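Let's take a walk through this structure together, one stop at a time. Have the model open beside you as you read.

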Amino acid sequence: MNEKNQSLIFELSKEGRVGHSLPEIDIEETAMDELIPAKFQRTKSPELPEVSELQIVRHYTALSKRNHGVDSGFYPLGSCTMKYNPKINEDVARYPGFAHLHPYQDESTIQGALELMYKLQRTLEEITGMDQVTLQPAAGAHGEWTGLMLIRAYHEANGDTQRTKVIVPDSSHGTNPASAIVAGFDAVTVKSNDQGLVDMDHLRELAGDDTAALMLTNPNTLGLFEEQIIEMAEIIHEAGGKLYYDGANSNAILGITRPGDMGFDVVHLNLHKTFTTPHGGGGPGSGPVGVKHDLVPYLPVPLVVKKDETYRLDYDVPETIGRVKPYYGNFGINVRAYTYIRTMGPVGLRKVSEYAVLNANYMLRRLEPYFDTPYTQHCKHEFVLSGKRQKKLGVRTLDMAKRLLDFGYHPPTIYFPINVEECLMVEPTETESKETLDEFCDAMIQIAKEAEETPEVVQEAPHHTVIDRLDETTAARKPILRYQKV
Amino acid sequence: MQKFRYLPMTEKDEQDMLETIGVDQLEDLFQDIPKEVRFNGDLNIEEALDETKLIKEMTRMANKNHNVKDYPSFLGAGVYEHYIPSVVNHMLLRSEFYTAYTPYQPEISQGELQGIFEFQTMIAELTGMDLANSSMYDGPTALAEAAMMSAGQTKKKTILVSKTVHPEARQVLMTSAKGQNLRVIEIDEKDGMTDLSHLQAEYSDDTASVIVQYPNFFGQIEDLEAIEKIAHQGKSLFVVSSNPLSLGVLQPPGEYGADVVVGDAQPFGIPTQLGGPHCGYFAVTKKLMRKVPGRLVGQTTDDHGQRGFVLTLQAREQHIRRDKATSNICSNQALNALGASIAMSAIGKHGLHEMASQNVQKAHYAKQQLKKHGVEVVSDHPTFNEFVIRLPRTVKEVNDKLLDHNIIGGLDLSRFYRDKENLMLVAVTELRTKEEIDQFASVLGGVQ
């Protein structure tokens, strides 16, 4: 079992131990003072640990046991698409011909890598219905910012400098308004109506000469498809604005509908959500951006192009917004996503979305009798529950989330979107079996019963984790952000 | 019907589930999508491959590339091939790490949280700073974030950045600065060093930060003591971008009064992989703790007084603050930060000094050999593991010749600096053997 007391790697350190085997020096050495003047030389060694290889293995193995991943168990974290991360993707990304390439090698020596990038660009263009994709952005939020900078460049080129406002729904991801600000816009919020969809009257009111863009997730973070998308696109386009697609929820639409066909001008994808690249405990991800033809002239450099049978990096984008990332994006992640796409093909990708939606609707209907469901229509790949009923019994959504830990599950996303009280947002993904969904629903139903009969069991949860609830208030008031040797 | 190994639903499951939902067919769940925007038919992308064919196809693409394990490389310029202890990859393949999300539920994420807390500690130690965050996308975007933070902190609008800073980092900075309507002034370079008189001349009341690189893009060691004096004559922040491996032998920027130190932890255990993903780091003084972008892990205790770790100071972040956040960054490079930590643990306190020294020694040896073969080494300034040489022909021609000898040559500086025709930036790490260096020097010596 897991140890309660977990040492820090620094606490295992003992002077004189090594965990490395550096190359033996095969040249005659020169005195360091002759190479680097003494005044530039480090006087106090940094306190890195001194540990043996087995100590390292035991330490990180112990840490891994104190961590829950998709491989450990069900992870229905809404809007995060915690699906299975295929093992072959990891193998392929580690092939020396992909892992050990230098970005400044001559293009003739990286034709395979460029071919992969080119094909991934083309494939993502087809999946999203966009004219050109760049693989540069490192993650979703980075893609959002890139996309907004493209929209800004477009408006500026048209002399539309008064377009300073980006409209975001109240149910949007926090990155949307934050990215708008970082790209130099103001964020304005459009309300949702009682069906969980964008309030069209409010949108009409907001759209105007100062509108730069509307950022939309579709299906939205409540898991609902914005049915009025065609009209929304008309409103924004008539006002002279651009439509931005936050691809966080693309797992619901592969081969079913395409942002390009819905009227979107820019889209970013999270390859670490929809395309199975691992989340890695918070990264690295990859956030490619696709655009319609009128935004192509502004794309960040470089793009991968093909001429005859040769692949090239193209820096000749006259009106480019510039560089958003060094080198060529998170190539290692893009290799994994491409491997996945080649595993699934067109039929497989459509099935991914069909089953993601089937699974979510099945869970919604199984849980509906036990929890408040603010929106009762069919959902897409995720849905929200409200813990209002349990709150009246003194059991908060946070308590229920902690209780789920005792059953070996990662809880759903909680308290988001912010427009749903005591929100639980559930996204099962297509890679989970019916048995797993049933077991999880049974656990949720049991917790709903506990809330009525033995609320303290839920309120005091978790009972079976390596650590109990942590004091986050003190952590923020008196921050300890590093180890210091006593 | 085509079957897929990642999709567990059977036809019977599907029927049972549709029944529970109360619909007849899958299609009924998609009625809310307007017909006009439905996609009909199959996406026009390549067909699925079975696992065996897939391996063959991916191997074909990989083998079209020349990798730096088969071809000794003298490329650096921000991305370095170094010794990676085997233990790093083995630990990273513990899937509890790589298949986890951001640690929002600390009770079942202690492993990741502690790993990152250890990373923050190691980066703070290396840079000589009070604290570091949980990582950034990469060195250049970390540098751009530092510039944005300096503008937010000082309420000033001008960034002074040396031309000896990585050109691509400056390009990323330019794009970011445009978003925030900041002015960026590039400070001239003189003999491969920041021109201090130009820096002093451009310094003004509106300077938000002074940004330099150490060792700089040409491998040379900037005089941080002198630059700090200029940077701190007003309220501006002193930002240093630094290769963390070099800090095994060099006095860390923290000792010179840097306010922010950024860079990339790629030299520690992270493969070059065509430039990404790598692992940016961001270290600051305590004063700037609440302005830091990205995630921070802090130590605390549970109800029983047991030590544990949580994400902390989240009031800075986008998911809480939305449009008032200090940055829009959501993710970091957690897995690569973990990999870097494992590598730093393996290399350890003395290994770090040894590895950094070997880089200095090997680069010095390469300089000597090149000089012996009549190749001009451009500067006498002290360097870490990179330096610039002048060639009688274009770097492209010389590199083609090196490739005939199965050697990948250095960076063509004219790619970034118009006035640097025929100049090559050479990197020599601990992995280059005497034999490889000798051959490199001998081929270059033969170029007329």
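Start in chain A, where strand 10 and strand 12 (residues 423-426) are joined by 4 bridges and run antiparallel. Two strands are said to pair if DSSP finds at least two bridges between them. One bridge to look for links Ser386(A) with its partner Cys423(A) in strand 12 of chain A.

Before going further, keep in mind that this is a predicted model: local features need pLDDT of at least 70, side-chain atom pairs count only at pLDDT 80 or more, and totals for chains, interfaces and linings use all residues. As for labels, residues are numbered from 1 along each chain as its sequence is written, while chains are lettered from A and ligands numbered from 1 in the order in which they are written.

In general, strands of a sheet pair through backbone hydrogen bonds, either parallel or antiparallel.

Now follow chain A into the loop between strand 11 and strand 12, which is where you'll find Tyr415(A). Its phi is near 55°, a positive value in a residue other than glycine. Tyr415(A) has 16 other C-beta atoms within 10 Å, so it is partly exposed (buried takes 20 or more other C-beta atoms within 10 Å of the residue's own, exposed 12 or fewer, and partly exposed is in between, with C-beta atoms placed from the backbone). Pro417(A) sits in the loop between strand 11 and strand 12 of chain A too, and a cis peptide bond, with omega about 0°, joins Phe416(A) to Pro417(A).

Chain B has a cis bond to show you as well: the one from Gly276(B) to Pro277(B), with omega near 0°. Look for Pro277(B) in the loop between strand 8 (260-264) and strand 9 (280-284) of chain B.

Finally, see where the chains meet: 164 residues of chain B are in contact with 170 residues of chain A (contact means C-beta atoms, placed from the backbone, within 7 Å). On chain B's side, helix 11 (residues 334-372) gives the most, with 23 residues.

Technical notes. Helices (H or I, at least four residues) and strands (E, at least two) are DSSP runs, numbered from the N terminus. Two residues are in contact if their C-beta atoms, placed from the backbone, lie within 7 Å.
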